[in-house]
Amino acid sequence: MNSSIFGKIFLWLVRSFNFVLANLKLPLRLNGRNRMNRVFPIRNPILWLVLLTSLLLTGCVKYDVGLNFDNSNSGELVQHIKLGERLTSFSGDSVYEWLKSIERRARELEGKAQRVSPEEIIVTIPFSSGRELQEKFNEFFNSRANQPSESVQSESDSGLPKIESNVLLEENNFLLLVRNRLIYDLDLRSLSLIASKGNVLANAGSILDLEFSLKTPWGAKNIRLTETAIEPEKNGNKLVWKLQPGELNHIEAVFWLPSPLGIGGLLIILFVSGGLYLRYNFMPDPRIQFPPKVAAIQEQ
């Protein structure tokens, strides 16, 4: 989400708030300042604006990113983005351009996008190996193509928050099973505060709902390296981490996946071994049952 969207939102709020303050000046004088101070002890207009913004924009953006594994050679990167009606009504066409750029980027990576509504989209990008997952994931989230179009970028290119995202998947093959270690780093420190012209207006955590999930056939184990590390919620075979805007989010997890190549190789070996066993233990020797024709001709 670029800062121009939030800038438009807060500009609208500031104008509305100034209009309300101007109309309240006369009633405030008539009723007396002491009475208002007892009821509304906050005198700083900026603090009032922060409270008003939090009430109006709570849950404005819901962005869920998930990795769903079927086995070591099959999985999907799923993104579910839902924008609040207040945000889309304030931001104009820029937010829709951002969603369109996500759709284009998904198609470039052999994925698909489903528009649930004009403000809600589900993106699915398949991958067939850990290496392909790393390439597609990092290319999608770190590419400029994922940003709004150039026409929108030119309006406030210097104000775009820089978000760095990187995923690493380490795989260890044990013939039938593959041990995976997922490491995900997401730098959201640029979203710590939403500001306009250098003035801090609101905490991004009040309007951004960001989640990262990992779903595997047999579940996963979270690795907590520090006391401040994010503790995920467990829902069956799925782990869900609540990402924190304004912080460097670090996630590590270990999980096991079945190896189709190893299982297929084992089945072939068992099939061939079973055939040989039946051949030499339960079936007659073909040399006895069908004597060579050459030997029969020589006897004649």
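Helices (H or I, at least four residues) and strands (E, at least two) are DSSP runs, numbered from the N terminus. The model is predicted: local features need pLDDT of at least 70, side-chain atom pairs count only at pLDDT 80 or more, and totals for chains, interfaces and linings use all residues. Residues are numbered from 1 along each chain as its sequence is written, and side-chain values use heavy atoms, with hydrogens and water left out.

Q: Is Leu77 buried or exposed?
A: Leu77 belongs to strand E2 (residues 74-83). Buried means under 20% relative accessible area, exposed over 50%, and partly exposed in between (1.4 Å probe, protein chains only). With a relative accessible area of 2%, Leu77 is buried.

Q: What distance separates the C-alpha atoms of Leu77 and Pro126?
A: Along the chain, Leu77 and Pro126 are 49 residues apart. Their C-alpha atoms are separated by 6.2 Å.

Q: Which residue has its backbone oxygen 2.9 Å from a polar atom of the Lys136 side chain?
A: Lys136 sits in helix H6 (residues 130-142) and is buried, its relative accessible area being 10%. Leaving aside neighbours within four places in sequence, its contacts (heavy atoms within 4.5 Å) include Leu109 and Glu110. The backbone oxygen in question is that of Pro126.

Q: Which strands stand at the edges of the open sheet?
A: Seven strands form this sheet in the order E3-E4-E2-E1-E9-E12-E11, with mixed pairing; two strands pair if DSSP finds at least two bridges between them. An edge strand has a single partner, so one side of it is left without a neighbour in the sheet. The edge strands are E3 (112-117) and E11 (233-235).

Terms used
Polar contact = N/O pair within 3.5 Å; in protein donor to acceptor, adjacent residues only side chain to side chain.
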